[in-house]
Amino acid sequence: MTKPLRWKRVLLKLSGEALMGSQTFGIDPTVVERIAKEIADAVALGAQVGVVVGGGNIFRGVAVAAKGGNRVTGDHMGMLATIMNSLTLADALRRVKVPARVLSAVPVPSICETFSQRVAERYMEDGDVIVFAGGTGNPFFTTDSGAALRAVEMKCDAFLKGTQVDGVYSEDPKVNPDAERYDALSYEEVIKRDLKVMDTTAIALARDNSVPVIVFSIHSPGSLVSVLQESGLYTVVG
Ligand code: UDP
């Protein structure tokens, strides 16, 4: 018998870099396809899934600011990068027969729909996967914050942060292989100890609205379904 889902409605956050594979820039279609299949497996078990993809594999506003450029323009470009990633993920989802919608916080009506909570709610109820594009729609924010905002707005049971590693560690485990891995942490510990889960705005929003943040590796096959069924490795921040 299939294990029941611990979290039914979830917001999955992936960094843009998760789509790069072994490339140093851009999108690796085979990686996108694999992630789409993982999401399809979760949907087949009855999960309602919203996804936010970052844009760091294409562009980050801070890179412009670091070279003396206009941060706001840079952030606009970063938000456009998230739309590109969202479009490719939605296409990959449709290829595996999952109905997918791209709803963007930045209106680009000839390319995708504009986000509104009411429309998103309707699509989610219908079982469509929603790819929320454009972050918050504002400069000086991150897609982690955009994802936390959507998780709260959509009343998600959990915020799933798919990363390169299988949870939160005391230090970067790639740098220090002896770093301690945590099964559970409080929001406060994450903020106070500045553990690299996501930015403080995003964590604070999750904390203030009691949305648990689950950190897991998006690169280990089957991990999304495992997390939803409360098995496998992950860290719960709550
Ligand atoms: N961005 C923004 N407002 C938002 C979300 C994103 O201005 O609400 C811009 C910002 O320039 C950011 C870029 O989009 O650097 C890509 O997002 P992010 O860095 O969060 O992507 P990730 O690290 O998850 O790939």
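Reply: Take contacts in the chain between residues at least 6 apart in sequence: 70% of them join residues at least 24 apart. Contact here means C-beta atoms, placed from the backbone, within 7 Å. This is a predicted model: local features need pLDDT of at least 70, side-chain atom pairs count only at pLDDT 80 or more, and totals for chains, interfaces and linings use all residues. Numbering runs from 1 along each chain as its sequence is written.

The chain has eight helices and 11 strands (DSSP runs numbered from the N terminus; helices are H or I, at least four residues, and strands E, at least two). Its radius of gyration is 17 Å, close to the 18 Å from the globule rule for 238 residues, so the chain is as compact as a globular protein of that length. That radius is taken over C-alpha atoms, and the rule is 2.2 Å times the number of residues to the power 0.38. The C-alpha trace spans about 45 × 45 × 35 Å along its principal axes. Of the 238 residues, 45% are buried (20 or more other C-beta atoms, placed from the backbone, within 10 Å of the residue's own; exposed is 12 or fewer, partly exposed in between).

Thr-142 sits in the loop between strand 5 (129-133) and helix 5 (143-153). Thr-142 counts as buried because 23 other C-beta atoms lie within 10 Å. Beyond its neighbours within four places in sequence, Thr-142 contacts Gly-135, Asp-199 and Ala-202.

Thr-143 is found in helix 5. Thr-143 is buried too, with 30 other C-beta atoms within 10 Å. With neighbours within four places again set aside, Thr-143 touches Val-52, Gly-54, Gly-55, Thr-82 and Gly-135.

Then the ligand. Around it are 24 residues, and Gly-54, Gly-56, Gly-61, Gly-78 and Gly-135 come nearest (near means a C-beta atom, placed from the backbone, within 6 Å). Helix 2 (61-66), helix 3 (71-95) and helix 5 each supply at least two residues of this shell. Helix 3 gives the most, with six.

Terms used. Two residues are in contact if their C-beta atoms, placed from the backbone, lie within 7 Å.
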